[in-house]
Amino acid sequence: MTAPREQFGSRLGFILAAAGSAVGIGNLVGFPVNAAKNGGGAFLLMYAIFVFVICLPVMMAELATGRHSAKGPLGAYASLTHGNRMWGIAGWLSTVTPFMIAVFYTVITVWLFEYLFSAVTGDLDVLADPATFGAFINNGNIFIHLAIVVAIVNLILVGGVKEGIERSAKILMPALFMMLIGMVIFVLTRDNAMTGLKFYLIPDFSKITGPVVSGALGQAFFSLSLGMGILITYGSYMDKRSSITSSAKMVALADTGVAFCAGLMILPAIFSFNPETDPTQLSDSSVSLIFTFLPKIFLALQTSIGYMGASVVASVFFLLVFFAALTSLVSIIEVPAASLVDQKGYSRKKALLILNIGMVVFTIACTASFGMVGWLTEFVHYAGSPKSLFDVVYDIFYDTILPLNGLLICLFVIYRWKKSNLNEELETGDDGFKGSFLERYMNFSLGTFIPLILALIFINTVAIKFF
Ligand code: PHE
(Lines give C-alpha, C1' and ligand atoms only; values in the text may rest on other atoms or scores of the structure.)
Protein backbone atom coordinates (compact mmCIF):
# COMPACT_ATOMS: atom_id res chain seq x y z
CA MET A 1 0.00 0.00 0.00
CA THR A 2 1.33 3.42 -0.84
CA ALA A 3 1.07 6.31 1.59
CA PRO A 4 -1.65 8.87 0.82
CA ARG A 5 -0.45 11.82 -1.22
CA GLU A 6 0.95 14.65 0.83
CA GLN A 7 -1.04 17.87 0.94
CA PHE A 8 -0.43 21.45 1.82
CA GLY A 9 -1.41 22.00 5.43
CA SER A 10 -3.45 25.15 4.93
CA ARG A 11 -4.85 27.45 2.29
CA LEU A 12 -2.43 30.17 3.32
CA GLY A 13 0.42 27.69 3.06
CA PHE A 14 -0.59 26.83 -0.47
CA ILE A 15 -0.94 30.48 -1.46
CA LEU A 16 2.47 31.36 -0.04
CA ALA A 17 4.11 28.38 -1.74
CA ALA A 18 2.51 29.15 -5.10
CA ALA A 19 3.30 32.84 -4.71
CA GLY A 20 6.85 31.78 -3.83
CA SER A 21 7.02 30.03 -7.14
CA ALA A 22 5.53 32.94 -9.02
CA VAL A 23 7.59 35.67 -7.40
CA GLY A 24 11.05 35.43 -8.89
CA ILE A 25 13.77 37.28 -10.70
CA GLY A 26 11.23 38.03 -13.42
CA ASN A 27 9.09 40.10 -11.08
CA LEU A 28 11.81 41.78 -9.13
CA VAL A 29 13.99 42.93 -11.97
CA GLY A 30 12.55 42.02 -15.35
CA PHE A 31 9.15 43.58 -14.83
CA PRO A 32 10.18 47.06 -13.59
CA VAL A 33 12.62 47.64 -16.38
CA ASN A 34 10.28 46.39 -19.07
CA ALA A 35 7.51 48.53 -17.69
CA ALA A 36 9.67 51.63 -17.50
CA LYS A 37 11.00 51.27 -21.00
CA ASN A 38 7.79 50.25 -22.67
CA GLY A 39 5.18 52.79 -21.74
CA GLY A 40 5.23 52.96 -17.92
CA GLY A 41 1.65 53.05 -16.63
CA ALA A 42 0.37 51.89 -20.01
CA PHE A 43 2.49 48.73 -19.79
CA LEU A 44 1.39 48.17 -16.23
CA LEU A 45 -2.25 48.37 -17.19
CA MET A 46 -1.80 46.00 -20.10
CA TYR A 47 0.18 43.59 -17.93
CA ALA A 48 -2.52 43.55 -15.24
CA ILE A 49 -5.19 42.90 -17.87
CA PHE A 50 -3.18 39.98 -19.27
CA VAL A 51 -2.69 38.52 -15.81
CA PHE A 52 -6.39 38.36 -15.15
CA VAL A 53 -7.86 37.88 -18.64
CA ILE A 54 -5.40 35.35 -20.05
CA CYS A 55 -3.15 33.97 -17.36
CA LEU A 56 -5.65 33.39 -14.56
CA PRO A 57 -7.80 30.93 -16.59
CA VAL A 58 -4.66 29.00 -17.59
CA MET A 59 -3.54 28.94 -13.99
CA MET A 60 -6.89 27.56 -12.84
CA ALA A 61 -6.85 24.97 -15.62
CA GLU A 62 -3.44 23.75 -14.45
CA LEU A 63 -4.49 23.63 -10.81
CA ALA A 64 -7.71 21.76 -11.61
CA THR A 65 -5.88 19.20 -13.74
CA GLY A 66 -3.40 18.61 -10.95
CA ARG A 67 -5.90 18.40 -8.14
CA HIS A 68 -8.23 16.09 -10.03
CA SER A 69 -5.54 13.65 -11.08
CA ALA A 70 -3.52 13.96 -7.87
CA LYS A 71 -0.41 13.60 -10.02
CA GLY A 72 2.40 15.69 -11.49
CA PRO A 73 2.06 16.55 -15.20
CA LEU A 74 3.42 13.26 -16.49
CA GLY A 75 0.89 11.22 -14.52
CA ALA A 76 -1.89 13.79 -14.93
CA TYR A 77 -1.93 13.72 -18.73
CA ALA A 78 -1.52 9.95 -18.72
CA SER A 79 -4.21 9.13 -16.19
CA LEU A 80 -6.83 11.57 -17.45
CA THR A 81 -6.45 10.28 -21.03
CA HIS A 82 -6.08 6.59 -20.06
CA GLY A 83 -2.55 6.52 -21.35
CA ASN A 84 -3.05 8.27 -24.69
CA ARG A 85 0.34 8.55 -26.42
CA MET A 86 -0.11 11.99 -27.94
CA TRP A 87 -1.16 13.55 -24.66
CA GLY A 88 1.65 11.64 -23.06
CA ILE A 89 3.98 13.90 -25.07
CA ALA A 90 2.36 16.92 -23.43
CA GLY A 91 3.09 15.30 -20.07
CA TRP A 92 6.72 14.79 -21.01
CA LEU A 93 7.07 18.33 -22.27
CA SER A 94 5.72 19.63 -18.98
CA THR A 95 8.27 17.53 -17.13
CA VAL A 96 11.38 18.14 -19.21
CA THR A 97 10.72 21.89 -19.53
CA PRO A 98 10.90 22.58 -15.78
CA PHE A 99 14.02 20.45 -15.53
CA MET A 100 15.79 22.52 -18.17
CA ILE A 101 14.46 25.84 -16.88
CA ALA A 102 15.69 24.80 -13.44
CA VAL A 103 19.14 24.45 -15.00
CA PHE A 104 19.34 27.99 -16.32
CA TYR A 105 17.64 29.41 -13.24
CA THR A 106 20.20 27.65 -11.05
CA VAL A 107 23.03 29.25 -13.01
CA ILE A 108 21.59 32.69 -12.26
CA THR A 109 20.78 31.83 -8.63
CA VAL A 110 24.41 30.84 -8.09
CA TRP A 111 25.56 34.21 -9.42
CA LEU A 112 23.09 35.86 -7.07
CA PHE A 113 24.56 33.93 -4.20
CA GLU A 114 28.05 35.10 -5.17
CA TYR A 115 26.89 38.72 -5.23
CA LEU A 116 25.05 38.34 -1.96
CA PHE A 117 28.17 36.93 -0.38
CA SER A 118 30.30 39.80 -1.67
CA ALA A 119 27.79 42.45 -0.66
CA VAL A 120 27.62 41.06 2.87
CA THR A 121 31.38 40.91 3.17
CA GLY A 122 31.58 44.54 2.12
CA ASP A 123 33.02 44.19 -1.36
CA LEU A 124 30.68 46.71 -2.89
CA ASP A 125 33.35 48.50 -4.88
CA VAL A 126 34.46 45.19 -6.36
CA LEU A 127 30.88 44.42 -7.40
CA ALA A 128 30.52 47.83 -8.98
CA ASP A 129 33.57 47.31 -11.18
CA PRO A 130 32.34 46.44 -14.71
CA ALA A 131 34.96 43.70 -15.02
CA THR A 132 33.67 41.84 -11.97
CA PHE A 133 30.78 40.03 -13.54
CA GLY A 134 32.94 38.48 -16.27
CA ALA A 135 35.55 37.48 -13.70
CA PHE A 136 32.97 36.04 -11.32
CA ILE A 137 31.19 33.85 -13.78
CA ASN A 138 34.43 32.37 -14.97
CA ASN A 139 35.97 31.74 -11.60
CA GLY A 140 36.33 28.22 -10.20
CA ASN A 141 34.70 29.28 -6.90
CA ILE A 142 31.44 29.25 -8.71
CA PHE A 143 31.29 25.49 -8.34
CA ILE A 144 31.53 25.73 -4.57
CA HIS A 145 28.68 28.20 -4.63
CA LEU A 146 26.73 25.87 -6.88
CA ALA A 147 27.14 23.13 -4.30
CA ILE A 148 25.82 25.46 -1.57
CA VAL A 149 22.77 26.52 -3.59
CA VAL A 150 21.95 22.92 -4.54
CA ALA A 151 22.30 21.92 -0.88
CA ILE A 152 19.92 24.64 0.32
CA VAL A 153 17.29 23.82 -2.31
CA ASN A 154 17.45 20.12 -1.51
CA LEU A 155 17.30 20.67 2.19
CA ILE A 156 13.93 22.29 1.56
CA LEU A 157 12.74 19.72 -0.97
CA VAL A 158 13.69 16.67 0.99
CA GLY A 159 11.34 17.76 3.78
CA GLY A 160 8.39 17.16 1.46
CA VAL A 161 5.40 19.32 0.66
CA LYS A 162 4.29 20.38 4.11
CA GLU A 163 7.47 20.34 6.15
CA GLY A 164 9.73 21.42 3.31
CA ILE A 165 8.07 23.54 0.65
CA GLU A 166 5.24 25.00 2.70
CA ARG A 167 7.30 25.63 5.80
CA SER A 168 10.09 27.38 3.91
CA ALA A 169 7.56 29.51 1.99
CA LYS A 170 6.01 30.56 5.29
CA ILE A 171 9.37 31.91 6.39
CA LEU A 172 10.90 33.13 3.16
CA MET A 173 7.84 34.84 1.66
CA PRO A 174 6.93 37.08 4.62
CA ALA A 175 10.65 37.91 4.95
CA LEU A 176 10.70 38.78 1.26
CA PHE A 177 7.58 40.98 1.54
CA MET A 178 9.04 42.81 4.50
CA MET A 179 12.39 43.42 2.85
CA LEU A 180 10.63 44.62 -0.28
CA ILE A 181 8.42 47.05 1.61
CA GLY A 182 11.39 48.28 3.62
CA MET A 183 13.36 48.86 0.43
CA VAL A 184 10.44 50.66 -1.23
CA ILE A 185 10.05 53.00 1.75
CA PHE A 186 13.78 53.64 1.88
CA VAL A 187 14.00 54.37 -1.84
CA LEU A 188 10.91 56.55 -2.02
CA THR A 189 12.15 58.75 0.81
CA ARG A 190 15.39 59.59 -1.05
CA ASP A 191 15.76 62.96 -2.80
CA ASN A 192 14.95 62.81 -6.45
CA ALA A 193 12.85 59.66 -6.12
CA MET A 194 9.98 61.36 -7.92
CA THR A 195 11.89 61.46 -11.20
CA GLY A 196 12.12 57.69 -11.22
CA LEU A 197 8.55 57.31 -10.14
CA LYS A 198 7.39 59.45 -13.05
CA PHE A 199 9.55 57.49 -15.45
CA TYR A 200 7.98 54.29 -14.18
CA LEU A 201 4.36 55.25 -13.88
CA ILE A 202 3.39 57.93 -16.38
CA PRO A 203 1.47 56.17 -19.16
CA ASP A 204 2.86 56.58 -22.64
CA PHE A 205 0.49 54.78 -24.95
CA SER A 206 2.63 55.57 -28.00
CA LYS A 207 5.17 53.01 -26.78
CA ILE A 208 2.65 50.17 -26.99
CA THR A 209 3.59 48.31 -30.16
CA GLY A 210 3.08 44.72 -31.26
CA PRO A 211 6.32 43.41 -29.75
CA VAL A 212 5.64 45.29 -26.50
CA VAL A 213 2.21 43.66 -26.24
CA SER A 214 3.55 40.18 -26.80
CA GLY A 215 6.46 40.93 -24.45
CA ALA A 216 3.99 41.92 -21.71
CA LEU A 217 2.03 38.73 -22.17
CA GLY A 218 5.19 36.62 -22.15
CA GLN A 219 6.31 38.36 -18.99
CA ALA A 220 2.95 37.75 -17.28
CA PHE A 221 2.91 34.12 -18.37
CA PHE A 222 6.41 33.41 -17.10
CA SER A 223 5.86 35.41 -13.96
CA LEU A 224 2.88 33.30 -12.91
CA SER A 225 4.95 30.14 -13.47
CA LEU A 226 2.60 28.89 -16.20
CA GLY A 227 3.47 26.24 -18.75
CA MET A 228 6.08 24.67 -16.46
CA GLY A 229 3.91 21.98 -14.87
CA ILE A 230 4.38 23.72 -11.52
CA LEU A 231 0.74 24.52 -10.92
CA ILE A 232 -0.34 21.06 -12.03
CA THR A 233 2.05 19.65 -9.44
CA TYR A 234 1.10 22.11 -6.68
CA GLY A 235 -2.58 21.51 -7.56
CA SER A 236 -2.03 17.82 -6.93
CA TYR A 237 -1.16 18.68 -3.31
CA MET A 238 -4.27 20.82 -2.78
CA ASP A 239 -7.13 19.57 -0.67
CA LYS A 240 -10.64 19.33 -2.05
CA ARG A 241 -12.06 21.77 0.46
CA SER A 242 -10.09 24.74 -0.85
CA SER A 243 -11.38 26.90 -3.63
CA ILE A 244 -9.06 26.84 -6.61
CA THR A 245 -10.61 30.06 -7.86
CA SER A 246 -9.93 32.18 -4.84
CA SER A 247 -6.48 30.72 -4.21
CA ALA A 248 -5.50 31.38 -7.83
CA LYS A 249 -6.74 34.95 -7.59
CA MET A 250 -4.69 35.52 -4.45
CA VAL A 251 -1.56 34.15 -6.08
CA ALA A 252 -2.08 36.32 -9.17
CA LEU A 253 -2.65 39.37 -7.00
CA ALA A 254 0.40 38.71 -4.84
CA ASP A 255 2.58 38.17 -7.87
CA THR A 256 1.38 41.32 -9.62
CA GLY A 257 1.66 43.29 -6.37
CA VAL A 258 5.27 42.24 -5.92
CA ALA A 259 6.09 43.13 -9.53
CA PHE A 260 4.52 46.55 -9.03
CA CYS A 261 6.41 47.16 -5.77
CA ALA A 262 9.64 46.05 -7.40
CA GLY A 263 9.13 48.91 -9.85
CA LEU A 264 8.67 51.29 -6.94
CA MET A 265 11.99 50.08 -5.57
CA ILE A 266 14.16 49.80 -8.67
CA LEU A 267 13.26 52.77 -10.84
CA PRO A 268 13.43 55.53 -8.22
CA ALA A 269 16.62 53.91 -6.90
CA ILE A 270 18.21 54.21 -10.30
CA PHE A 271 17.41 57.90 -10.46
CA SER A 272 17.87 59.06 -6.93
CA PHE A 273 21.01 57.16 -5.98
CA ASN A 274 22.74 58.33 -9.11
CA PRO A 275 20.93 61.27 -10.70
CA GLU A 276 23.23 61.21 -13.72
CA THR A 277 21.77 57.87 -14.81
CA ASP A 278 20.64 57.87 -18.37
CA PRO A 279 17.44 55.81 -18.53
CA THR A 280 18.13 54.80 -22.11
CA GLN A 281 21.15 52.92 -20.76
CA LEU A 282 18.86 50.46 -19.04
CA SER A 283 19.21 47.06 -20.54
CA ASP A 284 16.22 44.81 -21.15
CA SER A 285 18.08 41.92 -19.65
CA SER A 286 17.48 41.27 -15.98
CA VAL A 287 20.87 39.63 -15.79
CA SER A 288 22.91 42.63 -16.85
CA LEU A 289 20.76 44.89 -14.72
CA ILE A 290 21.25 42.91 -11.52
CA PHE A 291 24.88 42.10 -11.98
CA THR A 292 26.40 45.10 -13.67
CA PHE A 293 24.09 48.07 -13.47
CA LEU A 294 22.63 47.95 -9.95
CA PRO A 295 25.92 47.42 -8.09
CA LYS A 296 27.13 50.73 -9.54
CA ILE A 297 23.98 52.38 -8.32
CA PHE A 298 24.46 50.93 -4.83
CA LEU A 299 28.01 52.20 -4.72
CA ALA A 300 26.83 55.69 -5.63
CA LEU A 301 24.63 55.56 -2.54
CA GLN A 302 27.73 55.76 -0.33
CA THR A 303 27.90 59.54 -0.80
CA SER A 304 24.70 59.93 1.19
CA ILE A 305 24.66 57.04 3.66
CA GLY A 306 28.29 55.94 3.74
CA TYR A 307 29.96 52.77 2.50
CA MET A 308 28.58 50.61 5.30
CA GLY A 309 25.05 51.85 4.74
CA ALA A 310 25.31 51.26 1.01
CA SER A 311 26.60 47.74 1.65
CA VAL A 312 23.64 47.03 3.90
CA VAL A 313 21.19 48.20 1.24
CA ALA A 314 22.93 46.09 -1.41
CA SER A 315 22.93 43.06 0.90
CA VAL A 316 19.21 43.38 1.59
CA PHE A 317 18.55 43.69 -2.12
CA PHE A 318 20.55 40.58 -3.02
CA LEU A 319 19.02 38.62 -0.16
CA LEU A 320 15.57 39.61 -1.37
CA VAL A 321 16.24 38.44 -4.91
CA PHE A 322 18.01 35.33 -3.63
CA PHE A 323 14.98 34.32 -1.53
CA ALA A 324 12.70 34.90 -4.51
CA ALA A 325 14.92 32.75 -6.70
CA LEU A 326 15.12 29.97 -4.09
CA THR A 327 11.36 29.56 -3.71
CA SER A 328 10.97 29.51 -7.51
CA LEU A 329 13.72 26.95 -7.86
CA VAL A 330 12.17 24.70 -5.25
CA SER A 331 8.84 24.74 -7.08
CA ILE A 332 10.32 23.93 -10.42
CA ILE A 333 12.44 20.99 -9.25
CA GLU A 334 9.39 19.60 -7.49
CA VAL A 335 7.80 18.96 -10.91
CA PRO A 336 10.16 16.30 -12.27
CA ALA A 337 10.63 15.01 -8.71
CA ALA A 338 6.87 14.43 -8.35
CA SER A 339 6.79 12.73 -11.73
CA LEU A 340 9.55 10.32 -10.75
CA VAL A 341 7.80 9.54 -7.47
CA ASP A 342 4.39 9.12 -9.13
CA GLN A 343 5.39 7.21 -12.21
CA LYS A 344 8.40 5.23 -11.12
CA GLY A 345 7.43 4.72 -7.52
CA TYR A 346 10.79 6.09 -6.32
CA SER A 347 11.14 7.45 -2.84
CA ARG A 348 11.42 11.20 -2.65
CA LYS A 349 15.09 11.01 -1.72
CA LYS A 350 15.94 8.73 -4.61
CA ALA A 351 14.03 10.92 -7.07
CA LEU A 352 15.84 14.02 -5.82
CA LEU A 353 19.20 12.33 -5.96
CA ILE A 354 18.75 11.25 -9.58
CA LEU A 355 17.45 14.65 -10.62
CA ASN A 356 20.22 16.48 -8.88
CA ILE A 357 22.92 14.49 -10.57
CA GLY A 358 21.41 15.34 -13.94
CA MET A 359 20.82 18.95 -13.02
CA VAL A 360 24.28 19.56 -11.65
CA VAL A 361 25.89 18.12 -14.79
CA PHE A 362 23.79 20.39 -17.02
CA THR A 363 24.27 23.37 -14.75
CA ILE A 364 28.05 22.96 -14.76
CA ALA A 365 27.97 22.70 -18.56
CA CYS A 366 25.82 25.84 -18.82
CA THR A 367 27.99 27.70 -16.32
CA ALA A 368 31.04 26.75 -18.35
CA SER A 369 29.39 27.99 -21.54
CA PHE A 370 30.16 31.61 -20.65
CA GLY A 371 33.73 31.31 -21.82
CA MET A 372 35.34 28.62 -19.67
CA VAL A 373 34.93 25.90 -22.29
CA GLY A 374 35.16 26.88 -25.94
CA TRP A 375 32.85 24.37 -27.58
CA LEU A 376 30.11 24.96 -25.00
CA THR A 377 30.47 28.70 -25.49
CA GLU A 378 30.00 28.36 -29.23
CA PHE A 379 27.72 25.38 -29.06
CA VAL A 380 25.64 25.86 -32.20
CA HIS A 381 24.91 28.47 -34.83
CA TYR A 382 21.45 29.71 -35.63
CA ALA A 383 19.72 32.94 -36.55
CA GLY A 384 23.06 34.21 -37.81
CA SER A 385 25.16 33.96 -34.65
CA PRO A 386 26.95 31.44 -32.47
CA LYS A 387 25.00 30.41 -29.39
CA SER A 388 26.25 29.09 -26.09
CA LEU A 389 24.66 26.09 -24.40
CA PHE A 390 23.00 28.51 -21.97
CA ASP A 391 21.49 30.47 -24.90
CA VAL A 392 20.16 27.26 -26.42
CA VAL A 393 18.50 26.12 -23.20
CA TYR A 394 17.01 29.56 -22.73
CA ASP A 395 15.78 29.95 -26.31
CA ILE A 396 14.24 26.52 -26.56
CA PHE A 397 12.69 25.96 -23.18
CA TYR A 398 11.98 29.40 -21.82
CA ASP A 399 11.07 31.24 -24.98
CA THR A 400 9.56 28.55 -27.15
CA ILE A 401 8.21 25.59 -25.22
CA LEU A 402 6.51 27.59 -22.44
CA PRO A 403 3.76 29.03 -24.66
CA LEU A 404 3.42 25.63 -26.33
CA ASN A 405 2.82 23.98 -22.95
CA GLY A 406 0.27 26.68 -22.16
CA LEU A 407 -1.47 26.02 -25.45
CA LEU A 408 -1.58 22.29 -24.77
CA ILE A 409 -3.12 22.61 -21.32
CA CYS A 410 -5.90 24.85 -22.71
CA LEU A 411 -6.72 22.41 -25.49
CA PHE A 412 -6.49 19.54 -23.06
CA VAL A 413 -8.92 20.78 -20.43
CA ILE A 414 -11.56 21.88 -22.92
CA TYR A 415 -11.41 19.35 -25.73
CA ARG A 416 -9.98 16.23 -24.18
CA TRP A 417 -10.71 16.20 -20.48
CA LYS A 418 -13.88 18.20 -21.28
CA LYS A 419 -15.46 21.30 -19.84
CA SER A 420 -17.87 19.42 -17.61
CA ASN A 421 -15.02 17.73 -15.73
CA LEU A 422 -13.08 20.95 -15.48
CA ASN A 423 -16.12 22.76 -14.13
CA GLU A 424 -16.86 20.03 -11.66
CA GLU A 425 -13.32 20.20 -10.28
CA LEU A 426 -13.47 23.98 -10.01
CA GLU A 427 -16.84 23.78 -8.26
CA THR A 428 -15.34 21.48 -5.65
CA GLY A 429 -14.62 23.63 -2.61
CA ASP A 430 -16.20 26.66 -4.26
CA ASP A 431 -19.98 26.88 -4.04
CA GLY A 432 -20.14 30.14 -5.93
CA PHE A 433 -18.42 28.90 -9.07
CA LYS A 434 -21.31 27.02 -10.68
CA GLY A 435 -23.15 29.27 -13.13
CA SER A 436 -20.84 32.22 -12.39
CA PHE A 437 -19.49 34.65 -14.93
CA LEU A 438 -16.01 33.23 -14.28
CA GLU A 439 -17.18 29.75 -15.19
CA ARG A 440 -18.64 30.89 -18.47
CA TYR A 441 -15.59 33.01 -19.17
CA MET A 442 -13.21 30.12 -18.46
CA ASN A 443 -15.14 27.75 -20.69
CA PHE A 444 -15.20 30.19 -23.55
CA SER A 445 -11.72 31.70 -23.35
CA LEU A 446 -9.79 28.47 -22.77
CA GLY A 447 -11.35 26.92 -25.85
CA THR A 448 -10.97 29.89 -28.17
CA PHE A 449 -8.83 32.98 -28.02
CA ILE A 450 -6.36 32.02 -25.29
CA PRO A 451 -5.01 28.96 -27.17
CA LEU A 452 -5.09 30.98 -30.37
CA ILE A 453 -2.95 33.73 -28.86
CA LEU A 454 -0.53 31.19 -27.37
CA ALA A 455 -0.28 29.42 -30.73
CA LEU A 456 0.55 32.71 -32.46
CA ILE A 457 3.22 33.50 -29.88
CA PHE A 458 4.70 30.03 -30.31
CA ILE A 459 4.82 30.26 -34.11
CA ASN A 460 6.16 33.78 -34.03
CA THR A 461 8.92 32.86 -31.57
CA VAL A 462 9.99 29.88 -33.63
CA ALA A 463 10.12 32.04 -36.74
CA ILE A 464 12.09 34.84 -35.09
CA LYS A 465 14.41 32.77 -32.94
CA PHE A 466 15.46 29.99 -35.17
CA PHE A 467 15.19 31.16 -38.78
N1 PHE B 1 7.87 33.20 -11.84
C2 PHE B 1 9.28 33.08 -11.84
C3 PHE B 1 9.95 34.41 -12.04
O4 PHE B 1 9.27 35.39 -12.22
C5 PHE B 1 9.61 32.16 -12.93
C6 PHE B 1 10.08 30.87 -12.47
C7 PHE B 1 9.34 30.05 -11.68
C8 PHE B 1 11.30 30.48 -12.82
C9 PHE B 1 9.84 28.90 -11.25
C10 PHE B 1 11.84 29.31 -12.39
C11 PHE B 1 11.09 28.53 -11.60
O12 PHE B 1 11.14 34.52 -12.01
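Modeller: Here are some questions and answers on the terms used for this structure.

Modeller: It's a predicted model, so local features need pLDDT of at least 70 and side-chain atom pairs count only at pLDDT 80 or more, while totals for chains, interfaces and linings use all residues. Residues are numbered from 1 along each chain as its sequence is written.

Colleague: Why is Pro 32 called buried?

Modeller: A residue is buried if 20 or more other C-beta atoms, placed from the backbone, lie within 10 Å of its own. Pro 32 has 27 within 10 Å, so it's buried. Buried residues make up 52% of the 467 residues in the protein chain.

Colleague: Which residues is Pro 32 in contact with, leaving aside neighbours within four places in sequence?

Modeller: Tyr 200, Ala 262, Gly 263, Ile 266 and Leu 267. Contact means that the C-beta atoms, placed from the backbone, lie within 7 Å.

Colleague: What makes up the shell around the ligand, by class?

Modeller: Seven nonpolar, eight polar and no charged residues. Nonpolar means Ala, Val, Leu, Ile, Met, Phe, Trp, Tyr, Cys and Pro; charged means Asp, Glu, Lys and Arg; the others, Gly among them, are polar.

Terms used. A residue is buried if 20 or more other C-beta atoms lie within 10 Å of its own, exposed if 12 or fewer, and partly exposed in between; C-beta atoms are placed from the backbone. Two residues are in contact if their C-beta atoms, placed from the backbone, lie within 7 Å.
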